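User: Please take me through this structure. I want each label set against its cut-off.

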Amino acid sequence: MSNATKHSDTTAPLAEAPDHVLLRVDGRQALSTETVAAVAAACDRAEDQGGRAKVIVHVSGEPEGPRARDLTVSLVNKWEQALRRMERLPATTIAVAAGDCGGVALDAFLAADYRIATRSVRLMVPVEDGATWPGMALYRLAKHGSNAAAIRRAVLFGTPVEAADGLALNLVDEVVDDPAKAVAIAAERAGAVAGAELAIRRQLLLDAPTTSFEEALGVHLAACDRALRRAAGAGDRS
(Lines give C-alpha, C1' and ligand atoms only; values in the text may rest on other atoms or scores of the structure.)
Protein backbone atom coordinates (compact mmCIF):
# COMPACT_ATOMS: atom_id res chain seq x y z
CA MET A 1 0.00 0.00 0.00
CA SER A 2 1.43 3.38 -0.95
CA ASN A 3 1.91 6.28 1.44
CA ALA A 4 -0.75 8.22 -0.43
CA THR A 5 -3.26 5.39 -0.07
CA LYS A 6 -2.50 5.00 3.60
CA HIS A 7 -2.89 8.70 4.22
CA SER A 8 -6.24 8.77 2.43
CA ASP A 9 -7.49 6.31 5.05
CA THR A 10 -7.76 9.29 7.39
CA THR A 11 -11.48 9.89 7.71
CA ALA A 12 -13.08 12.72 9.63
CA PRO A 13 -14.55 10.97 12.70
CA LEU A 14 -16.45 14.05 13.78
CA ALA A 15 -17.47 17.28 12.16
CA GLU A 16 -17.00 20.57 13.92
CA ALA A 17 -19.28 20.75 16.95
CA PRO A 18 -19.69 23.13 19.91
CA ASP A 19 -18.56 20.46 22.38
CA HIS A 20 -15.51 19.31 20.39
CA VAL A 21 -12.19 20.93 19.63
CA LEU A 22 -10.69 19.38 16.50
CA LEU A 23 -6.94 19.19 15.94
CA ARG A 24 -5.31 17.61 12.89
CA VAL A 25 -1.64 16.61 13.00
CA ASP A 26 -0.03 15.48 9.74
CA GLY A 27 3.01 13.31 10.35
CA ARG A 28 4.22 13.87 6.79
CA GLN A 29 5.10 17.45 7.69
CA ALA A 30 8.29 18.42 9.48
CA LEU A 31 7.96 19.97 12.91
CA SER A 32 7.39 23.71 12.55
CA THR A 33 6.24 26.73 14.51
CA GLU A 34 2.87 26.30 12.78
CA THR A 35 2.53 22.79 14.22
CA VAL A 36 3.30 24.07 17.71
CA ALA A 37 0.84 26.94 17.25
CA ALA A 38 -1.93 24.56 16.14
CA VAL A 39 -1.62 22.50 19.32
CA ALA A 40 -1.47 25.66 21.45
CA ALA A 41 -4.59 27.03 19.76
CA ALA A 42 -6.49 23.79 20.42
CA CYS A 43 -5.45 23.96 24.07
CA ASP A 44 -6.61 27.58 24.24
CA ARG A 45 -10.05 26.65 22.88
CA ALA A 46 -10.39 23.72 25.28
CA GLU A 47 -9.41 25.85 28.28
CA ASP A 48 -11.79 28.62 27.20
CA GLN A 49 -14.63 26.09 27.46
CA GLY A 50 -13.66 25.14 30.99
CA GLY A 51 -13.15 21.46 30.25
CA ARG A 52 -16.64 20.97 28.81
CA ALA A 53 -15.28 20.25 25.32
CA LYS A 54 -13.46 17.12 24.23
CA VAL A 55 -10.28 17.55 22.18
CA ILE A 56 -10.37 15.23 19.16
CA VAL A 57 -6.91 14.75 17.64
CA HIS A 58 -6.77 13.29 14.12
CA VAL A 59 -3.31 11.93 13.28
CA SER A 60 -1.84 10.23 10.23
CA GLY A 61 1.26 10.20 8.06
CA GLU A 62 4.98 9.63 8.54
CA PRO A 63 7.83 12.04 7.72
CA GLU A 64 8.44 12.29 3.97
CA GLY A 65 11.82 13.96 4.26
CA PRO A 66 14.68 14.43 6.74
CA ARG A 67 13.14 15.19 10.13
CA ALA A 68 16.15 17.07 11.47
CA ARG A 69 16.32 19.55 8.57
CA ASP A 70 15.93 23.14 9.84
CA LEU A 71 15.13 21.89 13.35
CA THR A 72 16.53 23.49 16.48
CA VAL A 73 16.53 22.25 20.06
CA SER A 74 14.51 25.35 20.95
CA LEU A 75 11.74 24.39 18.52
CA VAL A 76 11.74 20.78 19.72
CA ASN A 77 11.42 22.03 23.30
CA LYS A 78 8.46 24.25 22.35
CA TRP A 79 6.79 21.26 20.70
CA GLU A 80 7.30 19.04 23.72
CA GLN A 81 5.97 21.77 26.02
CA ALA A 82 2.88 22.13 23.81
CA LEU A 83 2.25 18.39 24.03
CA ARG A 84 2.79 18.48 27.79
CA ARG A 85 0.21 21.24 28.01
CA MET A 86 -2.21 19.05 26.05
CA GLU A 87 -1.52 16.17 28.45
CA ARG A 88 -2.50 18.41 31.38
CA LEU A 89 -5.64 19.96 29.91
CA PRO A 90 -8.80 20.12 32.02
CA ALA A 91 -10.46 18.30 29.12
CA THR A 92 -10.46 14.78 27.72
CA THR A 93 -8.23 14.26 24.69
CA ILE A 94 -9.16 11.52 22.21
CA ALA A 95 -6.76 10.66 19.39
CA VAL A 96 -7.71 8.84 16.20
CA ALA A 97 -4.94 7.40 14.00
CA ALA A 98 -5.14 6.02 10.47
CA GLY A 99 -2.46 4.55 8.21
CA ASP A 100 1.21 5.03 8.94
CA CYS A 101 1.67 7.28 11.96
CA GLY A 102 5.10 8.71 12.74
CA GLY A 103 6.90 11.95 13.52
CA VAL A 104 4.67 14.67 14.99
CA ALA A 105 1.61 12.45 14.41
CA LEU A 106 3.03 9.74 16.67
CA ASP A 107 4.00 12.36 19.26
CA ALA A 108 0.46 13.76 19.41
CA PHE A 109 -1.17 10.32 19.39
CA LEU A 110 0.81 9.12 22.40
CA ALA A 111 0.04 12.32 24.35
CA ALA A 112 -3.74 11.73 24.26
CA ASP A 113 -5.87 10.29 27.07
CA TYR A 114 -7.68 7.81 24.83
CA ARG A 115 -6.15 6.40 21.66
CA ILE A 116 -8.18 4.89 18.81
CA ALA A 117 -6.62 3.26 15.74
CA THR A 118 -8.05 2.01 12.47
CA ARG A 119 -6.84 -1.42 11.34
CA SER A 120 -4.44 0.17 8.84
CA VAL A 121 -2.38 1.86 11.56
CA ARG A 122 1.35 1.35 11.94
CA LEU A 123 3.03 3.36 14.70
CA MET A 124 6.49 4.29 13.46
CA VAL A 125 9.51 5.88 15.14
CA PRO A 126 11.28 7.74 12.31
CA VAL A 127 14.77 6.58 11.32
CA GLU A 128 17.25 9.10 9.97
CA ASP A 129 21.02 8.90 9.44
CA GLY A 130 21.12 5.40 10.89
CA ALA A 131 19.27 6.18 14.14
CA THR A 132 15.73 6.64 15.41
CA TRP A 133 14.60 10.12 16.43
CA PRO A 134 15.30 10.49 20.20
CA GLY A 135 12.29 12.67 21.04
CA MET A 136 9.82 12.23 23.89
CA ALA A 137 7.83 9.70 21.86
CA LEU A 138 10.42 7.21 23.06
CA TYR A 139 9.62 8.15 26.65
CA ARG A 140 5.88 7.80 26.07
CA LEU A 141 6.29 4.49 24.27
CA ALA A 142 8.20 3.11 27.25
CA LYS A 143 5.78 4.65 29.75
CA HIS A 144 2.59 3.41 28.08
CA GLY A 145 3.82 0.14 26.61
CA SER A 146 3.58 -3.16 28.46
CA ASN A 147 6.00 -5.30 26.39
CA ALA A 148 9.61 -4.24 26.76
CA ALA A 149 10.85 -6.36 23.83
CA ALA A 150 8.42 -4.92 21.27
CA ILE A 151 8.96 -1.37 22.50
CA ARG A 152 12.72 -1.90 22.38
CA ARG A 153 12.50 -2.97 18.73
CA ALA A 154 10.49 0.13 17.86
CA VAL A 155 12.81 2.48 19.75
CA LEU A 156 16.16 0.96 18.71
CA PHE A 157 15.42 -0.22 15.18
CA GLY A 158 12.34 1.74 14.07
CA THR A 159 10.30 -1.47 13.71
CA PRO A 160 6.66 -0.45 13.02
CA VAL A 161 4.03 -1.38 15.60
CA GLU A 162 0.92 -2.69 13.85
CA ALA A 163 -2.52 -1.78 15.15
CA ALA A 164 -3.18 -5.17 16.77
CA ASP A 165 0.23 -5.12 18.43
CA GLY A 166 -0.38 -1.57 19.62
CA LEU A 167 -3.55 -2.79 21.30
CA ALA A 168 -1.72 -5.68 22.98
CA LEU A 169 1.02 -3.29 24.13
CA ASN A 170 -1.47 -0.82 25.65
CA LEU A 171 -0.36 1.88 23.22
CA VAL A 172 -3.83 1.78 21.65
CA ASP A 173 -7.14 1.61 23.52
CA GLU A 174 -9.27 0.45 20.58
CA VAL A 175 -8.78 -0.86 17.06
CA VAL A 176 -11.90 -0.07 15.05
CA ASP A 177 -13.47 -0.12 11.59
CA ASP A 178 -15.74 2.86 12.29
CA PRO A 179 -13.71 5.69 13.89
CA ALA A 180 -16.68 8.08 13.94
CA LYS A 181 -18.71 5.72 16.10
CA ALA A 182 -15.73 4.95 18.33
CA VAL A 183 -15.03 8.64 18.93
CA ALA A 184 -18.68 9.34 19.73
CA ILE A 185 -18.81 6.50 22.27
CA ALA A 186 -15.49 7.52 23.86
CA ALA A 187 -16.60 11.14 24.12
CA GLU A 188 -19.88 10.07 25.76
CA ARG A 189 -18.07 7.86 28.28
CA ALA A 190 -15.67 10.67 29.12
CA GLY A 191 -18.50 13.10 29.81
CA ALA A 192 -18.85 12.12 33.47
CA VAL A 193 -15.55 13.76 34.49
CA ALA A 194 -14.23 17.08 33.23
CA GLY A 195 -12.42 20.24 34.18
CA ALA A 196 -9.91 20.45 37.01
CA GLU A 197 -11.09 17.15 38.50
CA LEU A 198 -10.14 15.30 35.33
CA ALA A 199 -6.71 16.94 35.32
CA ILE A 200 -6.15 15.95 38.97
CA ARG A 201 -7.15 12.30 38.39
CA ARG A 202 -4.93 12.12 35.30
CA GLN A 203 -1.93 13.47 37.23
CA LEU A 204 -2.46 11.02 40.08
CA LEU A 205 -2.51 8.22 37.53
CA LEU A 206 0.61 9.40 35.71
CA ASP A 207 2.58 9.90 38.92
CA ALA A 208 1.71 6.53 40.45
CA PRO A 209 4.39 4.36 38.75
CA THR A 210 7.25 6.56 39.96
CA THR A 211 5.94 7.67 43.38
CA SER A 212 6.22 5.74 46.62
CA PHE A 213 3.14 5.07 48.73
CA GLU A 214 4.34 7.48 51.41
CA GLU A 215 4.92 10.26 48.88
CA ALA A 216 1.63 9.64 47.11
CA LEU A 217 -0.53 9.45 50.24
CA GLY A 218 -0.51 13.18 50.99
CA VAL A 219 -1.43 14.11 47.42
CA HIS A 220 -4.26 11.56 47.31
CA LEU A 221 -5.58 12.70 50.69
CA ALA A 222 -5.60 16.28 49.44
CA ALA A 223 -7.59 15.17 46.39
CA CYS A 224 -10.01 13.26 48.64
CA ASP A 225 -10.42 16.34 50.83
CA ARG A 226 -11.18 18.41 47.73
CA ALA A 227 -13.80 15.85 46.63
CA LEU A 228 -15.43 15.84 50.08
CA ARG A 229 -15.59 19.63 50.12
CA ARG A 230 -17.18 19.65 46.68
CA ALA A 231 -19.74 17.07 47.81
CA ALA A 232 -20.52 19.07 50.95
CA GLY A 233 -20.93 22.22 48.90
CA ALA A 234 -23.29 20.45 46.54
CA GLY A 235 -25.33 19.20 49.50
CA ASP A 236 -25.58 22.69 50.96
CA ARG A 237 -26.99 24.00 47.66
CA SER A 238 -29.60 21.26 47.33
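Analyst: Accessible areas come from the Shrake-Rupley method with a 1.4 Å probe; for residues, only the protein chains shown count as cover. On that basis the chain exposes about 12200 Å². Carbon and sulfur atoms supply 56% of this area. The model is predicted: local features need pLDDT of at least 70, side-chain atom pairs count only at pLDDT 80 or more, and totals for chains, interfaces and linings use all residues. Residues are numbered from 1 along each chain as its sequence is written, and side-chain values use heavy atoms, with hydrogens and water left out.

User: What makes the chain as compact as a globular protein of that length?

Analyst: First, the inventory: ten helices and nine strands. These are DSSP runs, numbered from the N terminus (helices: H or I, at least four residues; strands: E, at least two). The radius of gyration, taken over C-alpha atoms, is set against the globule rule, 2.2 Å times the number of residues to the power 0.38. For 238 residues the rule gives 18 Å, and the chain has 18 Å, so it is as compact as a globular protein of that length.

User: How do you know that the span of helix α2 agrees with its length?

Analyst: The expected span is 1.5 Å times one less than the number of residues. Helix α2 (residues 33-48) has 16 residues, so it should span 22 Å; its end C-alpha atoms are 22 Å apart, which agrees.

User: Which residues of α2 are called buried?

Analyst: Buried means under 20% relative accessible area, exposed over 50%, partly exposed in between (1.4 Å probe, protein chains only). T35, V36, V39, A42, C43 and A46 of α2 are buried. They cover an arc of only 125° around the axis, so they lie on the same side of α2. That arc is taken from the directions from the helix axis to the C-beta atoms. The face turned away carries the exposed residues T33, E34 and D48.

User: What do the buried residues of α2 pack against?

Analyst: Their partners are β1 (20-26), β2 (54-61), α3 (73-87) and α4 (104-110). Contact means heavy atoms within 4.5 Å.

User: What makes a set of residues a nonpolar core?

Analyst: Its members are buried Ala, Val, Leu, Ile, Met, Phe, Trp, Tyr and Cys residues, joined through side-chain atoms within 4.5 Å. The largest such core has 50 residues. L31 is among those with the most contacts inside it. Not counting residues up to four places away in sequence, L31 touches V36, L71, L75, V76, W79 and V104.
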